[in-house]
Amino acid sequence: MCGIAGVIGRLDESNRAALRRMNDAMAHRGPDADGTWMSEPDERGWGVLLGHRRLSILDLSPAGSQPMADPVTGHVIVFNGEIFNFHELRRRLQAEGQKFCSSGDTAVMLRALGLHGPEAVSWLRGMFAFACWDPSQRRLLLARDPLGIKPLYVARSPDPKAGWSLAFASEIRALLASGLLGTPRLDPQAASSVVWNGFVVGPNSMVKGVSLLSPGHVIEHHAAGNEVHQRQFWGISHRSPGRTTTQGDLAVVIEEDIKLHLASDVPLAVFLSGGVDSAAAANLARRASQDPIHTFTLAFEEQEFNEAPFASKIAAAIGTQHHEVLLSEGQFVEGLERALDSLDQPTFDGLNAYYLSKAIREAGFTVALSGTGGDELFGGYPTFRDLPALQRWSRRSSWVPSEVRANAATIATWPLRRTGAAVPPQTRWAKLPDMIRQGDDLLALYQHAYALFLPDFQEELLARDFAEPLSLGLPSQMRDQLLDETRGRTPLSAISVMEQRLFLGERLLRDNDVASMASSLEQRLPLVDQVLFDNVDHLPDSTRYSPLGRKAILRRIGLVGLDMALFERPKSGFVLPFDRWIRQGLKSAMDQTLRDPLAVAPVGLNPAAVQRLWRAFVDGASGIYWSRVWAIFVFVRWCHRNRVFR
């Protein structure tokens with residue numbers, strides 16, 4: 001787990017200094033070592049510069065340092081992540097007569113790429129983002145793992161005379177630190193995405209001209225600066241007819257998956273929230289490991305949010321060495337500036353993972369397993385129950401007069417408008433009239449269900465002369481991809497794809513990456529794996545989802561040996577007591593920001609609408625949840641902190 005950066009351009013001091021600044025900006029991602037490398041120049045003096053920050057996990061010797069040059073092929077790589085099937089790949093290459101000096105995964109992957117070219121990317125099972133230089137072809141290959149665990153941001157120069165054509169890094173803030181982007185500008189679609197989703201949906205980013213490489217994609221660039229080739233090496237395919245996964249098949253895959261994720265030359269821990277997913281990861285890890293397993297839980301003084309007592313009982317039943325980390329309101333507020341600075345893009349989530357990651361790292365651990373991904377695979381969210389029901393109801397409601405359907409939103413909010421409410425409720429059920437108008441379009445229902453605000457209020461929040469409307473809150477590339485990947489699927493499996501690509505891929509994975517790496521902690525997610533996904537995707541719906549919300553098959557496989565009574569309680573998310581803290585310790589800072597037009601207007605928002613939203617929350621207006629005001633506050637703060645304005 002590391003940070004990578006690079007530039008294609010003139011091999012002059014200006015670009016070398018830009019690379020050093022990018023590397024320095026990612027010191028938290030790799031405190032153990034840093035390195036740079038420069039190719040031979042062409043006749044114009046152009047080539048590639050590569051930078052790397054190292055967090056040592058496998059092969060702690062100097063042989064594992066990067067940038068790494070292969071002594072056989074001459075290829076050079078900078079790599080962020082882990083390849084979990086590298087032992088298998090090593091044996092495959094050794095059968096071809098290859099020998100290795102390093103015991104780690106990077107050397108194996110580098111040799112495979114050098115001998116077999118971009119085709120070898122599809123052999124990799126793991127979480128990765130890398131750049132690999134082919135000296136004979138003078139081409140740079142960029143790749144990102146199938147499900148998007150590790151990020152890779154790419155900037156292309158708009159000026160052919162700028163002296164560089166492409167720059168990339170593990171974080172947007174590294175690209176900003178490079179100085180190559182000039183005066184960075186806020187992407188209008190990103191502002192719209194944050195207001196709709198609470199985060200930026202890729203491939204867009206907060207910064208105009210900077211894009212996020214899509215999961216499961218590779219691109220090749222020539223050292224002259226032009227893009228040579230881009231393709232998808234893995235995608236969510238339509239299910240193969242006649243192929244069915246059994247529970248026994250799945251148990252073998254999950255147990256193997258956990259074993260692969262335990263590979264480490266440094267101490268390893270497990271996030272334990274008290275729910276089924278993290279308990280399954282901890283339980284299977286304990287059964288597979290010869291070493292003690294340490295589990296960590298975040299505890300709160302606010303008992304309605306505190307899952308620590310449940311986690312403690314589960315840890316005792318599994319037999320882990322358990323650690324409880326208390327996070328008080330005072331500690332949260334005291335550390336908030338650093339926590340918010342860890343966010344590479346605005347999001348209303350992520351800080352829970354930040355505080356727990358910080359505690360795990362301070363306890364001496366460098367790697368931690370997480371149960372993230374189980375809800376998306378096995379139908380743990382309310383959307384799996386609610387959206388198919390709404391879809392069926394919408395089909396039956398065709399008898400509703402067209403004029404009523406067309407004006408449903410106005411009718412629903414009319415009583416609130418009459419009483420002069422500052423902001424009508426922004427809840428899922430307040431959005432029901434808008435959802436009815438979508439008919440049985442499952443993607444539209446999904447996006448409206450998750451939207452932070454009703455469509456009318458979204459329009460009020462966004463400055464009319466700046467923001468670019470997004471259909472369903474999604475860039476066209478993501479919308480088209482989801483329509484293709486869900487075509488022909490059952491409603492439940494279609495929702496699973498949406499949860500996998502959007503809620504997990506665009507929010508949780510990105511938040512968890514920056515939150516953990518801020519403390520130099522590698523977070524591994526055994527339930528986010530393309531081999532596992534493919535096997536789960538070929539389970540019959542009745543086996544995979546029934547009964548809805550229970551994740552019964554994961555319980556049977558992952559919680560073996562445990563008393564199921566430990567998990568018989570209502571589902572609760574891994575959330576902080578934000579509502580209470582915003583009204584108390586955070587209120588002053590948020591009030592100062594959200595009431596200030598000079599803070600709000602430069603980021604493409606309407607100051608009057610933001611003030612109304614904040615006043616409605618403070619006054620306790622119905623249906624104005626903490627996530628709405630927090631998302632806007634984090635967005636405004638991020639733009640000012642990183643000096644990215646409209």
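Mentor: Gladly! Let's begin with a helix. In α17, the buried residues are L442, L443, A444, L445, Y446, Q447, H448 and A449. Keep in mind that this is a predicted model.

Trainee: Which helices do the buried residues of α17 pack against?

Mentor: They pack against α5 (188-197), α13 (383-396), α16 (432-437), α18 (455-461), α19 (476-486) and α20 (491-517). To count as a contact, heavy atoms must lie within 4.5 Å.

Trainee: And what is found at the start of α17?

Mentor: There, a side-chain oxygen of D441 comes to within 3.2 Å of the backbone nitrogen of L443. The cut-off for a polar contact is 3.5 Å between N or O atoms, so this pair qualifies.

Trainee: Let's turn to cysteines. How do you know how many disulfides the structure holds?

Mentor: A disulfide needs two cysteine sulfur atoms within 2.5 Å, and the structure holds 0 of them. Take C132: the closest cysteine sulfur, in C2, is 15 Å away, so the two are too far apart for a bond.

Trainee: Is C132 buried or exposed?

Mentor: C132 has a relative accessibility of 3%, so it counts as buried. C639 is buried as well, with a relative accessible area of 0%.

Trainee: How do you know whether P184 is buried or exposed?

Mentor: Set its value against the cut-off: buried means under 20%, and P184 has a relative accessibility of 14%, so P184 counts as buried. This proline lies in the loop between α4 (172-178) and α5.

Trainee: Which residues is P184 in contact with, beyond its neighbours within four places in sequence?

Mentor: Those are L176, V207, R643, V644 and F645. As for V207, it is 23 residues from P184 in sequence, while their C-alpha atoms are 6.4 Å apart in space.

Trainee: What makes β8 and β9 a pair?

Mentor: Two strands pair if there are at least two bridges between them. β8 (residues 153-156) and β9 (residues 164-169) have 4 bridges in the antiparallel sense, so they pass that test. Within them, V154 has F168 in β9 as its bridge partner.

Trainee: Where are the edges of the sheet with parallel pairing?

Mentor: That open sheet has 5 strands in the order β15-β14-β13-β16-β17. Its edge strands are β15 and β17 (522-524), each pairing on one side only.

Trainee: How do you know that β14 and β15 pair?

Mentor: Strands β14 (residues 294-299) and β15 (residues 321-326) run parallel and are joined by 6 bridges, against a requirement of at least two. T297 stands opposite E324 in β15. With helix α8 (residues 308-318), β14 and β15 make a right-handed β-α-β unit.

Technical notes. Residues numbered from 1 in each chain as written. Predicted model: local features only at pLDDT ≥ 70, side-chain atom pairs only at ≥ 80, totals over all residues. Heavy atoms only, no water. Helix = DSSP H or I, 4+ residues; strand = E, 2+ residues; numbered from the N terminus. Buried < 20%, exposed > 50% of the residue type's maximum accessible area, 1.4 Å probe, protein only. Polar contact = N/O pair within 3.5 Å; in protein donor to acceptor, adjacent residues only side chain to side chain. Right-handed = clockwise from strand over helix to strand, strands pointing away.
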